[in-house]
Amino acid sequence: MSRIHLSRALLLSVALMLALSLLVACGGDGGGGGGDIPVPSGADRLAEEDASAEDLDAADVDISDAKAAAYRISDASFDDVSDFYENEVEDDGWTVDEHAALGDLMIAVLHQDDDLVVVTAMTGAAAKEQGELGLGDLEVDLDDLADDDIIVVGASFTCNEDSIDTCIEAMGLGL
């Protein structure tokens, strides 16, 4: 692995761990909050929970209406899912602020108006190899995933700061 690829791999790993850590403490009674988490057609919602600024380690950032959700996609390749988050979400009015994919892991940071979404995706095989998604109260049985399924985990919330960039920077979401 070259130095550039190693740096990208390290950066993606850190970004993925950050995004997953945003979801670790998510709790609540499910449903509601934030804007929609965009997912490719055919995605099955596995779990959804409300979250708070404290849950998302965003105590210094003015956010509201936070939620976390997990989805399974069984009829698309990892590359198709990654392409959806890099290009196709813009057709639905989302702006892609950050996107990185390496191997069978992907992270994207998106916004639409004041709604901000952090999404990670990985293959079922990668999720099983990792052994745990760090989903906190979101319960997903990894044994129910096929190796070629894609699992998408997202956190969405409304940014009440002066700009989306302020939220992205304050929460360390820039890649």
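Modeller: Asp-79, Asp-80, Glu-86, Glu-88, Glu-90, Asp-91 and Asp-92 form a negative surface patch. Asp and Glu count as negative and Lys and Arg as positive, while His and the chain ends are not counted. A patch takes residues with over 30% relative accessible area and no salt bridge, and joins like charges within 9 Å, or nonpolar side chains (Val, Leu, Ile, Met, Phe, Trp, Tyr) within 5 Å. Each charge is placed at NZ of Lys, CZ of Arg, CG of Asp or CD of Glu. The areas come from the Shrake-Rupley method with a 1.4 Å probe, and for residues only the protein chains shown count as cover.

The model is predicted, so local features need pLDDT of at least 70 and side-chain atom pairs pLDDT 80 or more, while totals for chains, interfaces and linings use all residues. Residues are numbered from 1 along each chain as its sequence is written, and side-chain values use heavy atoms, with hydrogens and water left out.

Helices (H or I, at least four residues) and strands (E, at least two) are DSSP runs numbered from the N terminus. Glu-88 has a relative accessible area of 37%, which makes this residue partly exposed. The cut-offs are under 20% for buried and over 50% for exposed, with partly exposed in between (1.4 Å probe, protein chains only). Phe-84 lies in helix α2 and is buried, at a relative accessible area of 9%. The C-alpha atom of Phe-84 is 6.7 Å from that of Pro-40, although the two are 44 residues apart along the chain.

Of the 175 residues in the protein, 46% are buried.

Now to the charges that are paired. A salt bridge here is a side-chain nitrogen of Lys or Arg within 4 Å of a carboxyl oxygen of Asp or Glu, and the count by this rule is 3. Arg-45 pairs with Glu-48, N to O, at 3.0 Å. Arg-45 is exposed, with a relative accessible area of 54%, whereas Glu-48 is buried, with 13%. Glu-48 also forms a salt bridge with Lys-67, where the closest N and O atoms are 3.9 Å apart. Glu-48 lies in strand β1 (residues 44-51) and Lys-67 in strand β2 (residues 63-73), so this pair ties together parts that are 19 residues apart in sequence. Lys-67 counts as buried, at 7% relative accessibility.

Another salt bridge joins Lys-128 to Asp-147, with the closest N and O atoms 3.2 Å apart. This pair links distant parts of the chain, 19 residues apart: Lys-128 is in helix α3 (residues 124-130) and Asp-147 in the loop between α3 and β6 (150-159). Lys-128 is partly exposed, with a relative accessible area of 33%, and Asp-147 is partly exposed too, at 47%. Shared partners join Arg-45, Glu-48 and Lys-67 into one network of salt bridges.

Two further acidic residues concern the backbone. Most residues other than glycine have a negative phi. Asp-65, in strand β2, has a positive phi of about 50 degrees although it is not a glycine. Its relative accessible area of 46% makes Asp-65 partly exposed. Asp-113 likewise has a positive phi, near 55 degrees. Asp-113 is in the loop between β4 (105-112) and β5 (115-123) and counts as exposed, at 67% relative accessibility.

One covalent link remains. A disulfide is a pair of cysteine sulfur atoms within 2.5 Å, and a search of the whole structure finds 1. The disulfide joins Cys-159 to Cys-167, S to S 2.0 Å. The torsion about the S-S bond of Cys-159 and Cys-167 is about 90 degrees, so this disulfide is right-handed. Cys-159 and Cys-167 are both buried.
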